[in-house]
Amino acid sequence: MTQAALDNAPYPHRHLLGIEGLSPQEITYLLDRAETYVGRNRQTDNKKSVLRGRTLINLFFEASTRTRTSFELAGKRLGGDVINMSVATSAVKKGETVIDTAMTLNAMHADVLVVRHSESGAVKLLSEKVNCAVINAGDGSHEHPTQALLDALTIRRRTGGISGLLVAICGDIAHSRVARSNIHLLTTMGARVRLVAPKTLLPAEAERLGVEVFHDMNAGLAGCDIVMMLRLQTERMHGAFFPSLREYFHFFGLDYSKLANAKPDALIMHPGPMNRGVEIDSEVADDIGRSAIREQVEMGVAVRMACLEALAQPAGEGDGG
Ligand code: NCD
C-alpha cells in the first residue's frame, strides 16, 4: 500500500503489533469487518479471494495450537497461500537469529508475517527489518492483539456493546499478554476493568493502567458483567509465585461459589489453553449457558480474517464485503 492510500485507509497502519495506540474507530472497524466473516464462516462455501496471490507465513517461535491454526484457516479462507514455518525443525535451531530468519522470509516476498515470540518487543523489532506486513501473534508478556479483538467481538455479540461494561480479568496478569491487550482494548472502548490477582501475579505498573485492583475474588467479581480467567503461565515463572496449585484454586480458581458474586448472567471467558482445576473449575468452563470459551475460538478466525484483509488489501480493491 502506498503511504497516501495507507493514510486514507480505515485501518491506517502497516502492521498490527499491539492494541495500545489504536483508536476506538480503528478497533470498531476491525470488529465490524470480522462480524461480516462470522456468518460466512458458518457456510460451506466460505472461500473469498481477498488474499489471492498473497503469501502468509506463520512464524511461531513459541508453542501454539489455536492461534496458529486460526491464522492458517483465516488465510486460506481468504484465498491466500499459507506456509507454517516449523521453528523446531528450522534454521533457528541451528543458531540463526530472529532477524536473519525474517530477512530470509522477506527475500521470498511474503506478504504477511504472523509472528509469535517469547521475548516482549521481538515482533516489533522484526517488523522494522522486513518489507511486509507483520501481525503480532503474542510477544512475551507484552501484547496479543488478535486475542483481545476476538474477545471483544465475543463480548459485543453477547452483550450488544462494550462501553459501560464491568469486566474482571483474573489470575496470572503479570505474565499475560492477553491481559495487557485486553486492558488497552476494553478501556479504549469505554469498559471498566478490574484486575483480580494475588499480589505476586500483578505487574508493577497495574495501578497506572486505568484499572481497579483487587486481591480477593469475591470482592473483585461483585457486580461484574464479564469474568475473564487467565492461565497460570508457569513457563514464564522463575521462582515461586504461590504456595501450591490447590491453594491457588481455593483462593483464585473460578467456581460457582465465587461466580455467584458476579451478575446472574455474567459471561465466563478464557483465552485457552485452560488448566482445569487450577484457574477454572471444569464444570464452570463447560457450562454452555454461561461460558463463551468455545465461541471465543470461533470468533478468532473471523477476527484474523478482518486483520489480514486490513493489512494485505490495497485500498479500493475490496469487494464491498
Ligand atoms: C494465550 C497466549 O498464548 O498468550 N493463548 C492463546 O493465544 N489463546 C494465553 C495462554 O497461553 O495462556
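Residues are numbered from 1 along each chain as its sequence is written, and side-chain values use heavy atoms, with hydrogens and water left out.

**Confidence**
- The protein has a mean pLDDT (the predictor's confidence in each residue, from 0 to 100) of 91, and 94% of its residues reach 70 or more.
- Residues 315-321 have pLDDT below 50, and this stretch has eight contacts (heavy atoms within 4.5 Å) beyond near neighbours in sequence.
- Where pLDDT is low, the predicted coordinates should not be read in detail.

**Around strand β3**
- Strands here are DSSP runs (E, at least two residues), while helices are H or I runs of at least four, both numbered from the N terminus.
- Strand β3 covers residues 112-117, and six of its six residues are buried (under 20% relative accessible area, with exposed over 50% and partly exposed in between, for a 1.4 Å probe and protein chains only).
- In a regular strand the side chains alternate between the two faces of the sheet.
- In β3, one side holds V112, V114 and R116, and the other holds L113, V115 and H117.
- Strands pair if DSSP finds at least two bridges between them; β1 (residues 55-60) runs parallel to β3 and is joined to it by five bridges.
- β4 (residues 133-139) also pairs with β3 in the parallel sense, over five bridges, and A133 in β4 is the bridge partner of V112.

**Around strand β8**
- Strand β8 (residues 226-229) has both faces covered, with I226 and M228 buried on one side and V227 and M229 on the other.
- Four bridges link β8 to the parallel strand β5 (residues 166-170), where C170 has M229 as its partner.

**The largest pocket**
- A pocket is an open set of points on a 1 Å grid over the protein atoms alone, where a 1.4 Å probe fits, with protein on both sides within 12 Å along at least five of seven lines; lining residues have an atom within 4 Å of a point.
- The largest pocket holds about 390 Å³ of space.
- Its lining has 20 residues, and R116, R177, R231, G272 and P273 lie nearest its centre.
- Helices α3 (66-77) and α7 (177-188) each give two or more residues to this lining.

Methods
Predicted model: local features only at pLDDT ≥ 70, side-chain atom pairs only at ≥ 80, totals over all residues. Points joined across faces, edges and corners; volume = space filled by probe spheres on them.
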